[in-house]
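I open this notebook to record what I looked up in the structure, entry by entry. The entries begin with a pair of strands and then turn to other parts of the chain.

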Amino acid sequence: MDTFRLINLIKSEESILSQELDLSICLRTDGFFFSLIDKNYQLKAIGEFETDLSHGMTQIMTNLRNSFASIGIRLFNFSDIRVIVPSSKNVFVPFKLYDSTKSKDYLRDIAYLSTSETILENISNKLDAVSIFAMPMHNYSAVKILMPKAKYFSQHQIIAEYCFDVSKLSNNTVLLNKRENACDLVVFKGSQFVFSNCFDFSNESDLIYQILFAFEQLEMDVEDMNFLITGQDFTNDEKKVLSRHIKNVMYANPMEFLKYDPQIFNIDLQKYFLTLVK
């Protein structure tokens, strides 16, 4: 019996030559979604699988391997591999203040760390900071064996670097990424990265409260910002409450720096945002 379910797959070509493509894959406990992009920044494929990625290294390896094999990918010999980790335990440290011996201490200041978590680090030249985040050890071990050359990124680094690329000196830029009943919020004042956080919410009132509370702490005016939304579908009530309280609400453009055929990829690409932005 299969331990996975293909939710979606769109390809621009029938055959996939993995060694010529970059893989970006975003892991969840209940599955993953991914993109395949060539060196000319042309989108070649996007897909999503439902499978259990929460129990045991061996089972995770099997589920990942079988999922990809079902669409003709049996070797993980991609040109480049980016693994995006939607972690609630992540922090940025300015590069000039960063001490590599204190990675766990940085995270312990904001969250409880268990012995079953792996601490990862990634330098962001755009942000002049080091992203430090936690990943379940069984996930990390499984991916490390299957994809030994993979690079790991927290979702906040992906979002913040996108905001850096699209921000303007004269405007504040905010991006809200929805993940089921959780959100990631990243804030730029002009071109300065000032805030990142993730929070759970239960309804649209809870959602807007969390956002407005962050703006209050940052002393930001909701009339003076470009507020971008992306990720999983926002309900009509969620979009209404955002537009009621914030002036310039618009969708982010996950294809800002990519080329693609809109006749082939004719679906809402927002949910694939984390795997599409470069």
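**Entry 1: strand pairing.** I began with strand 2 (residues 21-28) and found that five bridges join it to strand 5, the two running parallel. The model I am reading is a predicted one.

I then looked for another partner of strand 5. Strand 9 (residues 151-154) pairs with strand 5 over four bridges, in the parallel sense. Within this pairing, I84 stands opposite F153 of strand 9.

Entry 2: A residue counts as buried when its relative accessible area is under 20%.

I next asked which way the side chains point from strand 5. D80, R82 and I84 point one way, while I81, V83 and V85 point the other way. The residues on both sides are all buried. In a regular strand, side chains alternate between the two faces of the sheet.

Entry 3: I turned to L175, which is found in strand 10 (residues 173-179).

**Entry 4: the whole chain.** I recorded seven helices and 14 strands in the chain. The C-alpha trace spans about 50 × 50 × 35 Å along its principal axes. Because a compact globule of 278 residues would have a radius of gyration near 19 Å, the 19 Å of this chain agrees with that expectation.

Of the 278 residues, 50% are buried. Among contacts between residues at least 6 apart in sequence, I noted that 60% join residues at least 24 apart.

**Entry 5: surface and charge.** The chain exposes about 13,400 Å², and carbon and sulfur atoms supply 48% of this area. I counted 28 positive and 35 negative side chains. The centres of these two sets lie 4 Å apart.

Note on methods. Residues are numbered from 1 along each chain as its sequence is written. This is a predicted model: local features need pLDDT of at least 70, side-chain atom pairs count only at pLDDT 80 or more; totals for chains, interfaces and linings use all residues. Side-chain values use heavy atoms; hydrogens and water are left out. The radius of gyration is taken over C-alpha atoms; the globule rule is 2.2 Å times the number of residues to the power 0.38. Buried means under 20% relative accessible area, exposed over 50%, partly exposed in between (1.4 Å probe, protein chains only). Contact means heavy atoms within 4.5 Å. Accessible areas come from the Shrake-Rupley method with a 1.4 Å probe; for residues, only the protein chains shown count as cover. Lys and Arg count as positive and Asp and Glu as negative; His and the chain ends are not counted. The place of a charge is taken as NZ of Lys, CZ of Arg, CG of Asp or CD of Glu. Two strands pair if DSSP finds at least two bridges between them.
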